[in-house]
2 protein chains.
Amino acid sequence: MKLRFEQLPGGVVAAEGFRTGGVFCDIKRLGTGKGSNKGPKRDLAMLVSDVPGSVAGMFTTNQVCAAPVKVCVARVAKGVAQAVVINSGNANACTGRQGMKDALEMTRLAEKALGIGDGLCLVGSTGRIGVELPMKEVRSGIAAAARILGSTPEHADQAAEAIMTSDSRPKQVAIQFRLGKRVVRLGGMCKGAGMIQPGMSANGARPAALPSGLHATMLAFLTTDAAVESRALQAALREAVALSFNRITVDGDMSTNDTVLLMANGRSGAPKIGTRSPEFRKFQEAVTQVCLELAKMIVRDGEGVHRVVTVRVSGARSVAEADAAARAVGNSALVKTSWHGGDPNWGRIMDALGYSPATVSEDRVDIGYSAPGSRTILWSLKRGQPTRATFRSLCAAVAPKEFDLHIRLNLGKGAAILYAGDLTEAYVDFNKGDVTDPTTLGG
Amino acid sequence: MKLRFEQLPGGVVAAEGFRTGGVFCDIKRLGTGKGSNKGPKRDLAMLVSDVPGSVAGMFTTNQVCAAPVKVCVARVAKGVAQAVVINSGNANACTGRQGMKDALEMTRLAEKALGIGDGLCLVGSTGRIGVELPMKEVRSGIAAAARILGSTPEHADQAAEAIMTSDSRPKQVAIQFRLGKRVVRLGGMCKGAGMIQPGMSANGARPAALPSGLHATMLAFLTTDAAVESRALQAALREAVALSFNRITVDGDMSTNDTVLLMANGRSGAPKIGTRSPEFRKFQEAVTQVCLELAKMIVRDGEGVHRVVTVRVSGARSVAEADAAARAVGNSALVKTSWHGGDPNWGRIMDALGYSPATVSEDRVDIGYSAPGSRTILWSLKRGQPTRATFRSLCAAVAPKEFDLHIRLNLGKGAAILYAGDLTEAYVDFNKGDVTDPTTLGG
């Protein structure tokens, strides 16, 4: 996936007028009664704009939704924000009233430490579910983070590290592009490796028809110095998330905490754009590109993931059916283990298609493999009949770390893409944890 | 789970008037171009009644449905059968017209070898999908099996072995009970270890509302010497499968070949019963008991399964929502790996409940653990709040090889049970196979 925009260093502080930083405040220690086995890794980040700006957000549609998500849904609805405080190591989910008090206290402490207005700070949390936040550590973390904020790529690295849980590496991207006569910048960071199949909506409300699949914690924070009306910002983010974060799966589990936030502070000096501005479409495309780049980083760094497969379904009776077919394939334990084994196993793919909610006619189905983004497809099945492709050649097609799986149902015009990881022993080993050392137990 | 009926040896030949047997005819050799790495294991079984009898069947609702399933659906609809021929090592699925020809040829050859009427033999297949049957081997297997049929427990063992694929052991049960003034016998054998979450219906048609979950090859063959009208037999089997095979999951994948057949030959001499007979309910209960016993054997012997968890959901707004909640929990990769790790992790359970299609209110949910069937429940969560149960005590509750997970949604009266396996490294290792040795590649 090549960005059609110029890349920049600096992640969330590539845009003008943002400062960030991350510190270690030992959030896992009190939550578990034990020191973290992972050493003193940063676990609290802050991100602040010099001035209040417009804000947009997309949130988990899980009915069991963490306190920080509830706080964000309410505040993003107002359309204005200036900062966000984020901790890893504890999801502040299933923590009842105390959880809401703690999430709100985090925002108040951050607002005070940053000297910004009441209600202008948002909050994100990720980590184990059902454990109350160690507020003593959180308070000292917020105070410490507020003292070290800055706008260098090193500051962005600190923040991107601080929001990591099982991630093996920080995930950041930033681009710049011309919007009208001005150059604007758009950057972001994200985290997520397991409990990944987001299904987010603007207010956390479930759509009438739920996506057929299930859905992990992923957090993403985006910043831009473009000036964008909050409704236009929300429209751009909704479209971008639909085409990126909501199109990935690691393990099919949707988290209680999935959150994507986008802040626009207008510091580029470019004129404010709305949904009807001629520049809106380009801005939306930029947001989509950044979200897609970040979303793919999540799958590539998914827990135990060895191979990333782009499942491309077309010819379904509807987009919803294409999506359902892609999710059945991308979340099938048997298909995912076959990918891990380098086995093209189209029989398991047919099986998953057959039990998916999508309409499938066995003698219409085409299944093939290609290099990522390539149109040179090696078909294993055409109209339900095995082709002459040899087992050896099919194995070669699915041997690379990344490949595209093409499924044509040949029943209609519905199409969908899903970016999916394989299922490996490493995933199981990581997630079974070690009950004798609760710091190894994941969210 | 204790049978309330007297157990007998002999599996499918415990009932009067049935003969069975299993042979090795090397079905995997030609399918893969290589010898089987598993040695000369039996791979073809036959089962025949001395006289034609009534028959009932339940079949996969997978839209991609194997040729032998199609043959059975058509023949069971007539209500009469006398024999069944079954092979392992090849599913005869996704094999197009040749597959249908081969499935029909298997029945014709068996009918001829057994000297029974046209159309009275059923057929079952299990193994890799998308490979044509090696008919030369199958033909010699049918001829050989027909010569060695008998009614001893050893014959039953041969048949139960011959239908195994990744199963580590044969699965059989038989009971006897009084029906009116006569003693009748009911027995069965089954296979299944991976691609297990059956969702079967009487004719393979999908219900208007699909079960929320997905669904592996399991085959089960039951015999009784009771005399039962075919409609009553079908009613009894439908109810029994709904409460047994359709309530298990190993990996959430529903197979193209799932089949349960029940033949009743009347050789006990007991009077024929219909749905209105006073004895019908007892007969139905007996079928349910046998199916449930066999279904649990499948989960316990599931690929890589170390722990079996009975997920008991109650208080859902409807039975369908209870079922959806149980399947979300029982198929969650994160919940299943935590079971493997001996981690009570109720946070992951809450997460799965929250993304399930069932309505869940976080502050109403109770989650607890008990020994199988016990009413002494250790609650980890009551009305969404952690109880005082210690982490150590919760770990002890989920340490045994089998335990019950109690989930009360406290929103209504819907209840459902799901028998689920954990997810282990052994599952992944087994199913990734080794592409350099295609005989290791599963269905």
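**Close-up views of a predicted two-chain model**

**View 1. A:Arg231 in its helix.** A:Arg231 is found in helix H6 (residues 230-242) of chain A; helices here are DSSP runs of H or I with at least four residues, strands are DSSP runs of E with at least two, and both are numbered from the N terminus. The structure is a predicted model, in which local features need pLDDT of at least 70, side-chain atom pairs count only at pLDDT 80 or more, and totals for chains, interfaces and linings use all residues. Residues are numbered from 1 along each chain as its sequence is written, while chains are lettered from A and ligands numbered from 1 in the order in which they are written. Is A:Arg231 buried, partly exposed or exposed? Because A:Arg231 has 13 C-beta neighbours inside 10 Å, this residue counts as partly exposed (a residue is buried if 20 or more other C-beta atoms lie within 10 Å of its own, exposed if 12 or fewer, and partly exposed in between, with C-beta atoms placed from the backbone).

**View 2. B:Asn246 in a loop.** In chain B, B:Asn246 lies in the loop between helix H6 (230-242) and strand S10 (248-249). B:Asn246 has 26 C-beta neighbours inside 10 Å and therefore counts as buried. Between the C-alpha atoms of B:Asn246 and B:Thr259, which are 13 residues apart along the chain, the separation is 11 Å.

**View 3. Chain A as a whole.** Chain A has 12 helices and 17 strands. Its radius of gyration is 22 Å, close to the 22 Å that the globule rule gives for 443 residues, so chain A is as compact as a globular protein of that length (the radius is taken over C-alpha atoms, and the rule is 2.2 Å times the number of residues to the power 0.38). Along its principal axes, the C-alpha trace of chain A spans about 70 × 60 × 40 Å. Of the 443 residues in chain A, 64% are buried.

**View 4. The two domains of chain A.** Chain A is divided into domain 1 (6-300) and domain 2 (308-423), with bounds that come from an automatic or database domain assignment. The C-alpha centres of these two domains of chain A lie 33 Å apart. Their contact takes 13 residues from domain 1 and 13 residues from domain 2 (two residues are in contact if their C-beta atoms, placed from the backbone, lie within 7 Å). On the side of domain 1 that touches domain 2, the largest share, four residues, comes from H7(A). That side of domain 1 holds six nonpolar, four polar and three charged residues (Ala, Val, Leu, Ile, Met, Phe, Trp, Tyr, Cys and Pro count as nonpolar, Asp, Glu, Lys and Arg as charged, and the others, Gly among them, as polar).

**View 5. Helix H2 of chain A.** Helix H2 (residues 67-76) of chain A is mostly covered, with seven of its 10 residues buried. The buried residues of H2(A) include A:Val69, A:Cys72 and A:Arg75. The elements of chain A against which the buried residues of H2(A) pack include strand S3 (44-60), helix H3 (96-114) and strand S11 (259-264).

**View 6. Where the chains meet.** In the model, 60 residues of chain A are in contact with 60 residues of chain B. The largest share of the side of chain A that touches chain B, nine residues, comes from H10(A). By class, this side of chain A has 26 nonpolar, 24 polar and 10 charged residues. As 100% of the interface residues of chain A are also interface residues in chain B, the copies meet through the same surface.

**View 7. Helix H10 of chain A.** How many of the 10 residues of H10(A) are buried? The count is 10 of 10, and H10(A) is mostly covered. Among these buried residues are A:Trp346, A:Leu353 and A:Tyr355. The buried residues of H10(A) pack against elements including helix H8 (319-330) of chain A and strand S5 (121-128) of chain B.

**View 8. The nonpolar core.** The largest nonpolar core has 288 residues (a nonpolar core is a set of buried Ala, Val, Leu, Ile, Met, Phe, Trp, Tyr and Cys residues joined through C-beta atoms within 7 Å). The residues with the most contacts inside this core include A:Leu353 and B:Ala83. Leaving aside neighbours within four places in sequence, B:Ala83 is in contact with residues including B:Met46, B:Val48, B:Leu114 and B:Cys121.
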